[in-house]
Amino acid sequence: MGNILDKFSLKGKVAWITGASYGLGLAYALAYAEAGAKVVFNDINEDLVNRGLEEYKKAGVEVYGAVCDVTNEEQVTKFVADVKEKVGSIDILVNNAGIIKRIPMTEMTVDQWNQVINVDLTGPFICSKAVLPDMIAKGSGKIINACSMMSELGRETVSAYAAAKGGLKMLTKNICSEYGQYNIQCNAIGPGYIATPQTAPLREKQPDGSMHPFDRFIRSKTPAQRWGKTEDLMGLAVFLASEASDFINGQVVYIDGGILAYIGQDPNNLDESKFADVD
Ligand code: NAP
Ligand code: GCO
């Protein structure tokens with residue numbers, strides 16, 4: 001047996017991270033490039049794709065990027081065909097693209113609900129369906145879904161997001177069940193609360209300069225008493241994309257600083273002077 005670290009190499013693999021112009025998707029893509037993969041990404045419009053290309057250029061990473069709406073099967077089919085022609089067939093898919101709408105359910109319109117379900121649940125279905133045939137033909141593949149604390153827990157105002165992320169947990173188990181026989185592993189990353197643009201509204205300072213109530217709250221529910229950083233998730237993303245996880249299938253791996261294990265403490269007990277960690 002060679003060096004154990006070779007099992008974590010992505011050398012020679014083509015990795016597609018959806019919605020990877022910034023945030024967690026960008027972090028996953030940079031980690032994959034460092035592990036040896038050829039990285040391809042999409043985002044919802046030209047401006048975001050160009051923003052992403054600038055980021056990858058700054059990092060010295062050569063990538064293929066194109067506009068593709070993960071809810072549009074025609075665009076996804078074309079994206080996968082273009083990647084196959086220009087880079088190679090996709091070995092690793094990270095269904096990262098996602099949106100959230102924080103609206104009380106009684107005030108949420110069906111259209112708003114459908115927008116969240118379409119991106120966060122139907123999008124991963126469409127993208128997974130598009131890459132599975134080549135993975136089956138190759139006899140190997142990795143699909144990694146972006147689950148969430150809301151795959152396990154609810155909270156006020158996020159009904160559509162929680163329903164989507166709960167469904168995504170079960171889609172993960174079902175892809176495992178249906179395609180594990182072809183040496184395809186489908187698992188999910190379940191981040192806790194990570195400092196990205198998506199959660200920025202939950203950290204905004206109050207007009208009087210005090211912490212956002214949710215910021216204080218989530219720190220009181222996190223043993224680490226801090227928000228996650230995108231780099232905290234890079235190791236797990238590489239692990240789930242690599243040979244090292246070939247016998248792990250249908251799992252959601254939670255990377256939450258201990259939130260799901262902890263009943264929490266009184267937010268008023270927290271020492272704010274310790275909180276210099278994120279924006
Ligand atoms: P983010 O900052 O909102 O980035 C999501 C990316 O997906 C954005 O570039 C977004 O573009 C893109 N996107 C949205 N709709 C799309 C579509 N239809 N087609 C293609 N791309 C689309 O989110 P994040 O915080 O990095 O999170 C990434 C994933 O992890 C999401 O699925 C999120 O639910 C999940 N997650 C995040 C956290 C966290 O604490 N941050 C925790 C658990 C799970 P736009 O800019 O146009 O929206
Ligand atoms: C929210 C947050 C969360 C995080 C993440 C937690 O409003 O509660 O946006 O949903 O994005 O999903 O794991």
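1. Ligand 2 sits in the largest pocket. A pocket here is found on a 1 Å grid over the protein atoms alone, as an open set of points where protein lies on both sides within 12 Å along at least five of seven lines, and a molecule sits in a pocket if more than half of its atoms lie within 2 Å of the pocket's grid points. The space taken by ligand 1 is likewise the largest pocket.

2. Before going further, please keep in mind that this is a predicted model, in which local features need pLDDT of at least 70 and side-chain atom pairs count only at pLDDT 80 or more, while totals for chains, interfaces and linings use all residues. Residues are numbered from 1 along each chain as its sequence is written, chains are lettered from A and ligands numbered from 1 in the order in which they are written, and side-chain values use heavy atoms, with hydrogens and water left out.

3. Around ligand 2 there are 14 residues, the closest being Arg102, Ser148, Arg155, Tyr193 and Gln198, where a residue counts as near if one of its heavy atoms lies within 4 Å of the molecule. This shell divides into 8 nonpolar, 4 polar and 2 charged residues.

4. A polar side-chain atom of Arg102 lies 2.6 Å from an oxygen atom of ligand 2, a side-chain N or O atom of Gln198 is 2.7 Å from an oxygen atom of the ligand, and for Met149 a backbone N or O atom lies 2.8 Å from a ligand oxygen. Of the 330 Å² of accessible area that ligand 2 has on its own, the protein covers 96%, as computed by the Shrake-Rupley method with a 1.4 Å probe.

5. Ligand 1 is surrounded by 29 residues, and the closest are Tyr22, Leu24, Asn96, Tyr161 and Thr196. The shell around ligand 1 comprises 16 nonpolar, 10 polar and 3 charged residues. Helix H1 (23–34), strand E2 (38–43) and helix H5 (159–179) each supply at least two residues of this shell; helices (at least four residues) and strands (at least two) are DSSP runs numbered from the N terminus.

6. The side chain of Tyr22 has an N or O atom 2.4 Å from an oxygen atom of ligand 1, and the side chain of Asp43 has one 2.9 Å from a ligand oxygen. Taken alone, ligand 1 exposes 890 Å², of which the protein buries 90%.

Methods:
Polar contact = N/O pair within 3.5 Å; in protein donor to acceptor, adjacent residues only side chain to side chain. 1 Å grid on protein atoms, 1.4 Å probe; cavity = no way out; pocket = protein on both sides within 12 Å on 5 of 7 lines; lining within 4 Å. Nonpolar A, V, L, I, M, F, W, Y, C, P; charged D, E, K, R; others polar.
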